[in-house]
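Subject: Structure for you to look at

Hello,

Please find the structure below. My notes on what was found in it follow directly after.

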Amino acid sequence: MSHSLDQKVSAIQHIKQVEKVRLILGDQLNAQHSWFQSINDNTVYVIAEVYQEATYTRHHIQKASAFFLAMQGFAAALQKAGHSVLYLTLDDTADCSSMPELIISICQRLNPDVFEYQMPDEYRLALQLRDVALPCPKACVDSEHFFLEKNEFKHYIKAGKHNRLENFYRKLRVRFNILMNGDQPEGGAWNFDSENREKLKAKDLTEIPEPLCFSNDVTAILER
């Protein structure tokens, strides 16, 4: 465990008896999640920059920087709202080669009653968190990202048969009344893909708006 990680974990450890450690991944920065509807001083939220997640495949540097900056901002927002947050940078987690290794280190130090995590959207990471052996019980909860829970997919997707994503979308639009006019799609068509496939003409280029740019300082993230 790196010295900086040891210090940050120890700071949490000395404040309170930890009942729950909850992991928040970089694509789970949803303040509307039911986790955050109440504040518990004995619950610690972990948001961590991990080398594994930045390098398991090639990422554009702007994407990696945007993720880390968003994670940092979300951690600050949770703290401001009164939650206990353990935010770890790449420097803090440098000695941990993987997400499971980091989680094990944290749980060994904080000794929580339970480790909780939201179901990852990536199968790769879902398997890692499912199989990690911890010194405490663990529980997986819904990420609340999607209209359907995982166990509902079997009612829409048939194994061994050809399934079109468009047909799946149509069923969900009808069920949840999204872009619908009664029982018909808004605009009279389910999609306008044929129009969207038309090529840009030279005169169209003048109508492209200026790009929306942001002046967020990511110097520290780039250095890490």
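Lys171 sits in helix 6, where helices are DSSP runs of H or I with at least four residues, strands are runs of E with at least two, and both are numbered from the N terminus. Lys171 counts as partly exposed because its relative accessibility is 42%. The scale used here is: buried under 20% relative accessible area, exposed over 50%, and partly exposed in between, with a 1.4 Å probe and protein chains only. Between the C-alpha atoms of Lys171 and Pro120 there are 24 Å in space, and the two are 51 residues apart in sequence.

Before going on, note that this is a predicted model, in which local features need pLDDT of at least 70, side-chain atom pairs count only at pLDDT 80 or more, and totals for chains, interfaces and linings use all residues. Residues are numbered from 1 along each chain as its sequence is written, and side-chain values use heavy atoms, with hydrogens and water left out.

The whole protein

The protein has eight helices and seven strands. Its C-alpha atoms fill a box of roughly 60 × 45 × 35 Å along the principal axes. The radius of gyration is 22 Å, whereas a compact globule of 224 residues would have one near 17 Å. That radius is taken over C-alpha atoms, and the globule rule is 2.2 Å times the number of residues to the power 0.38.

Of the 224 residues, 34% are buried. The protein exposes about 14,500 Å², and 53% of this comes from carbon and sulfur atoms. Accessible areas come from the Shrake-Rupley method with a 1.4 Å probe, and for residues only the protein chains shown count as cover.

A contact means heavy atoms within 4.5 Å. Among contacts with a separation of 6 or more, 67% join residues 24 or more positions apart.

There are 25 positive and 30 negative charges, and their mean positions are 7 Å apart. Lys and Arg count as positive and Asp and Glu as negative, while His and the chain ends are not counted. Each charge is placed at NZ of Lys, CZ of Arg, CG of Asp or CD of Glu.

The cores

A nonpolar core is a set of buried Ala, Val, Leu, Ile, Met, Phe, Trp, Tyr and Cys residues joined through side-chain atoms within 4.5 Å. The largest one has 27 residues, and those touching the most other members are Leu23, Leu86, Met99, Leu102, Ile103, Ile106 and Phe115. The elements that give two or more residues to this core include helix 1 (3-15), strand 1 (20-23), strand 3 (84-88), helix 4 (99-110) and strand 4 (114-118). Helix 4 gives the most, with six residues.

Which residues does Met99 contact, leaving aside neighbours within four places in sequence? They are Leu23, Leu25, Val50, Gln52, Glu53, Leu125 and Leu129. A second, separate core has 14 residues, including Phe74, Ala75, Leu78 and Val85.

Glu116 is in strand 4. Glu116 counts as buried because its relative accessible area is 11%. Not counting residues up to four places away in sequence, Glu116 touches Lys20, Val21, Arg22, Leu23, Trp35 and Ala139.

Ser65 belongs to helix 3 (residues 61-80). With a relative accessibility of 6%, Ser65 also counts as buried. Beyond four places in sequence, Ser65 contacts Val218, Ile221 and Leu222. From Ser65 to Lys138, 73 residues along the chain, the C-alpha separation is 30 Å.

Loops

Ile157 is in the loop between strand 5 (138-141) and helix 6 (165-176). Its relative accessibility of 36% makes Ile157 partly exposed. Ile157 touches Asn163 and Phe168, again leaving out residues up to four places away in sequence. The C-alpha atoms of Ile157 and Asn167 are 9.9 Å apart, at ten residues apart in sequence.

Glu144 lies in the loop between strand 5 and helix 6. Its phi is positive, near 60°. Glu144 is partly exposed, at 36% relative accessibility.

Asn177 is in the loop between helix 6 and strand 6 (180-181). Asn177 has a positive phi of about 55°. At 54% relative accessibility, Asn177 counts as exposed. For background, most residues other than glycine have a negative phi.

Regards
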